[in-house]
Structure formats: structure tokens, C-alpha cells
Amino acid sequence: MTEAQDLFSLLRQSTDVDPQAIDAIRRTIAEGKDHELCRINALAFASKNGLDEERTISAFLHAARVGIFDISWNVLCPGCGGVLDTNATLKTMQKDEYTCALCSQGYSPTLDEMVEVTFTVSPRIRRIAAHNPHELPLIEYFRQIYWASGADLPEEDFAEKVEAFSLEDIELAPGEKAVLPIQLPSEFVIVFEPVTHSAQFIDAKGEPTKERRSLSLVFDRDHVQNQTLEMQPGPLRISLENRTDTRVLPTVFIAGHALHDFLGKRRPFVTAKRLLTNQTFRDLYRTDTLDINQRLKITSLTFLFTDLRGSTELYERVGDLSAFDLVREHFQVLHEIVAAEAGAVVKTIGDAVMATFATPDRAIAAALRMRDAMRALNEKSGRADLLLKIGVHAGPCIAVSMNERQDYFGQTVNIASRVQNLANAQAIFATRSVVDDNLTADLLRRNALTPVPHEVSLRGIEREIAVYTIP
């Protein structure tokens with residue numbers, strides 16, 4: 001425990017880490033069950049302990065940075081909630097497509113809802129069973145390794161709930177063979193193996209038979225799915241062979257209401273997109289995010305651009321030193337507001353800021369606070385020196401690594417920058433994809449703000465787009 005005490009003392013030295021979150025983390029590590037410390041869902045942890053989500057995410061990131069947790073980036077199947085691939089960093093996520101054998105679907109991964117970020121306690125702090133996943137009991141392998149943190153699995157009676165849709169299961173060591181006899185019901189049945197992610201579908205229908213049929217299945221890393229077989233209900237002997245270098249856990253599922261209800265429950269989780277737009281993550285892991293050749297898709301991300309209007313005249317009017325102090329203070333205020341609204345500053349260019357947010361409403365909330373903050377700074381100085389132009393746009397983009405930092409590329413980024421150029425110091429400009437968002441609309445109504453639409457032409461954009469002035 002001495003090392004754990006030292007690491008928690010180091011964690012408490014970080015002034016921006018919530019002490020209540022640290023206490024909850026320490027208590028869970030000391031008292032929690034093993035499975036509660038494997039692939040922790042930070043949002044569920046915050047809800048369970050009555051903590052703020054963003055401050056909890058920040059606490060887990062700081063804790064991982066000092067060595068209390070290991071971070072995992074897991075590629076998910078959006079259908080069944082299974083983990084298709086696990087990576088210690090985003091850099092190792094190199095595949096263009098993943099296939100879920102259980103759902104019989106292929107997916108091109110996006111960072112929005114297909115990649116989760118979880119935290120597992122380091123073996124330096126506490127040894128848990130999941131540190132040796134191939135020694136976990138079958139039921140715990142499914143709970144802790146196969147299903148993702150966004151699957152809302154029952155805490156109580158977990159094994160009984162799984163047994164409700166399971167016929168048989170068996171464990172095979174490397175190179176081992178076995179025969180699994182089952183009574184095939186008049187159901188759609190799946191022989192699923194979670195380690196190799198392989199499946200055999202059996203559509204059992206028609207008149208039951210007493211004839212004993214045979215089926216041979218081989219588990220390796222190359223063949224993960226076979227064609228659906230049609231069989232009559234009745235006795236079936238399944239011959240199994242493990243040709244991998246690890247144990248396998250073939251399980252026979254009935255694909256009925258019990259399975260669908262079990263897999264259909266979801267809960268919020270920390271997506272890769274949300275983490276990439278988190279200021280704490282960018283500050284702590286700025287050089288350890290993406291490989292230089294990676295191009296990772298994001299279905300929708302919100303970009304906010306700001307720029308100081310008339311900054312050249314400001315330097316001429318008040319002098320270099322005074323202008324520099326004003327501009328530096330403005331940057332500090334903008335950084336604080338972006339972080340407070342769960343966003344992240346991607347970069348500053350001259351007097352301009354580029355920031356990202358997971359959702360449009362947080363960007364608009366930040367824009368409104370920025371405008372008020374600049375007014376307050378101007379009132380304090382007695383001059384209207386800080387005139388901030390703000391533009392907001394949301395849409396698809398690609399996360400890339402440029403100039404040794406994580407950045408974004410695509411038409412959405414270009415449009416957001418052009419929209420900011422349209423703005424004046426009294427208004428915020430936003431596109432239809434932003435103001436049509438339900439949460440953004442609610443925010444504007446609460447602030448008695450009515451966006452004023454107009455069609456504009458943007459340099460480099462062929463079509464006219466609808467841009468809204470937020471007065």
C-alpha cells in the first residue's frame with residue numbers, strides 16, 4: 001500500500017482535481033469488488049457517487065497519468081455492445097473495418113459512439129482477476145472483458161440473467177478437443193466464442209427429430225463466422241476444436257427475447273470523441289494521442305472559432321505592452337470558459353482560438369459566456385478594446401496528428417472558420433446544424449435569444465449556407 005499512498009499523495013497535489021472524486025476512487029479501490037475495478041465507466045462512476053461528470057473524468061485522467069489506472073480504448077459493436085478490439089492508445093487502432101460475429105455485421109469505426117474509453121486499476125495498486133483475463137470464469141469473462149462499459153449489465157443476479165438465454169458452455173485449453181451434446185430447441189441458436197469473436201448460427205425449425213446430428217466447429221483467428229445452418233429441433237453433438245494459443249469459451253445462446261432484452265439496455269459512457277474534446281486530456285496527453293498516419297472519423301463535432309476584431313489597431317492605440325497584457329488575459333479567460341463547458345482548445349493562431357465541443361449546446365454556452373466576459377473586461381478597463389468575433393459550426397470531420405499535436409481536418413473545420421470571419425463584435429454566428437440542435441434551442445430560449453437566419457456565400461464553399469446571428 002506504500003506505493004498506492006505515494007501515488008494518491010501525488011494525485012492530491014494537482015490543484016485542479018476534485019478531492020471528492022479522489023476520495024471516491026480511493027474508496028472503490030480499497031473496498032470495491034474486482035469487476036468494479038475493471039474497465040471503469042467514468043460516467044457511471046460519477047452518477048453512482050454523486051459527482052460532476054467532467055470533474056470525474058479529469059480525476060481519472062490525472063490518476064491514470066500518475067499510474068493508478070491503465071486507460072483502454074475499446075472498439076465497440078453498436079449492435080450487441082461487445083468489445084471488438086482493445087487498445088492501450090488510439091495510436092494502435094489501425095483497422096478500417098471491424099466485424100461483429102455475434103451480430104453478423106461489419107462496421108467502420110467512428111470516435112463518436114464506437115470507441116469507448118475505460119479505466120482499469122493498475123496491478124501496482126491492486127491485483128484483480130481481470131489482470132489475467134484468460135483465467136477468469138466464463139461468466140466473468142463475458143462481464144468484464146467481452147461486454148463494454150456502455151452495456152447496462154445487471155449488478156445483481158448477473159449469472160442467472162445470462163443463464164436465461166444460455167443452453168450450454170465449455171472451456172477448451174489450447175489444442176484441446178471436446179464434444180458438447182445439446183438438445184436443439186425450436187429457436188434461432190448461436191454458438192458464440194467471445195475470445196476469438198467467432199459464431200455459428202443455427203436456425204432450428206420444423207418438426208422435431210430424434211435423430212442425433214453432428215456439427216464440427218474449429219476455433220482459430222482466421223475464420224470467425226460460418227453460414228447459417230438450418231436444422232430440425234432435436235439432439236445435436238457439437239465437436240469443438242481449439243486451434244489457438246489461448247483458451248476459448250464456446251457458449252450456446254438462444255437468440256430470443258431474453259438475449260435481446262439483456263443486450264438492449266445501454267447507459268452513457270466516455271466516448272473517444274468526448275475525451276479528445278476534454279481540456280485535461282489534451283493537456284496531459286498532448287503528444288500521445290494519434291499516430292502521424294492515422295485518420296479517424298468523427299460523425300459530428302462542434303467547432304468554435306474566435307478572433308479579436310481590430311487587434312492591429314489595439315496595439316497601435318494602447319502600445320505593445322498593454323495590448324499584450326490584454327490579449328493574454330483574453331486568452332486565459334477563453335481557455336477557462338472552454339474547459340468549464342467541457343470543451344478543449346485545439347490551438348491558438350495569432351489572436352484567434354480554435355476549440356472543440358462534443359455537442360453544439362456546450363459550444364453556444366461557451367460563446368455566450370465569452371461574449372459576456374469580454375464585455376466585463378472592457379468595462380473594467382473603461383475602453384472597448386476587446387471585440388471578439390465568434391463562429392460556431394458542427395459536422396463530420398477527421399481527427400489527425402499535425403505538428404506534433406492532435407488536430408482536425410475537413411470541410412466542417414473550413415466552414416466554422418469562414419463563419420467566424422462573418423461575425424462582428426456584437427453577435428455570435430452559428431450554422432443551422434448548431435441552432436437546430438434541441439439542446440441548443442432550449443439554451444437559447446432560456447436566454448430569450450432568437451437566432452436571425454440569412455443565406456451567405458463562404459469563400460471556398462460552392463453552395464450558399466444558412467447562417468444565424470445570435471444577437
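This is a predicted model: local features need pLDDT of at least 70, side-chain atom pairs count only at pLDDT 80 or more; totals for chains, interfaces and linings use all residues.

Visitor: OK, and how do β8 and β13 pair, parallel or antiparallel?

Guide: Antiparallel: β8 (residues 188-193) and β13 (residues 251-254) are joined over four bridges.

Visitor: What's the strand order in the sheet they belong to?

Guide: The order is β6-β13-β8-β9-β11, five strands in an open sheet with mixed pairing. The edges are β6 (166-169) and β11 (229-231); each has a single partner strand, so one side of each has no neighbour in the sheet. On average, neighbouring strands are turned by 20° against each other, ignoring direction.

Visitor: Which helix packs on that sheet?

Guide: Helix α5 (residues 138-146) does, touching β6, β8 and β13. The direction of α5 makes about 75° with that of β13.

Visitor: What does Gly 150 touch, leaving out residues up to four places away in sequence?

Guide: Asn 41, Glu 116, Lys 265, Arg 266, Arg 267 and Phe 269. As for Arg 463, it is 313 residues from Gly 150 in sequence and 39 Å from Gly 150 in space, C-alpha to C-alpha.

Visitor: Now the inside. How many residues are in the largest nonpolar core?

Guide: That core has 92 residues, and the ones with the most contacts inside it are Ile 68, Phe 69, Leu 111, Phe 119 and Tyr 408. Helix α4 (residues 53-66) contributes the most to this core, seven residues.

Visitor: And what does Ile 68 touch, again beyond four places in sequence?

Guide: Its contacts include Leu 7, Phe 8, Leu 11, Ile 29 and Ala 63, along with Thr 120, Val 121, Ser 122 and Ile 125.

Visitor: Last one: at what angle do α12 and α15 pack?

Guide: About 30°, with the axes of α12 (residues 360-381) and α15 (residues 438-446) 7 Å apart. Under 35 degrees counts as roughly parallel, so these two helices are roughly parallel to each other.

Visitor: Which residues make that contact?

Guide: Pro 360, Asp 361, Ile 364 and Ala 365 from α12, and Leu 439, Thr 440, Leu 443 and Leu 444 from α15. Sorted by type, that's six nonpolar, one polar and one charged.

Terms used
Residues are numbered from 1 along each chain as its sequence is written. Side-chain values use heavy atoms; hydrogens and water are left out. A nonpolar core is a set of buried Ala, Val, Leu, Ile, Met, Phe, Trp, Tyr and Cys residues joined through side-chain atoms within 4.5 Å. Buried means under 20% relative accessible area, exposed over 50%, partly exposed in between (1.4 Å probe, protein chains only). Contact means heavy atoms within 4.5 Å. Axes are lines fitted to C-alpha atoms, for helices over the stretch in contact, and angles run from 0 to 180 degrees between N-to-C directions. Angles under 35 degrees count as roughly parallel, over 145 as roughly antiparallel, 65 to 115 as roughly perpendicular and the rest as oblique. Ala, Val, Leu, Ile, Met, Phe, Trp, Tyr, Cys and Pro count as nonpolar, Asp, Glu, Lys and Arg as charged, and the others, Gly among them, as polar. Two strands pair if DSSP finds at least two bridges between them.
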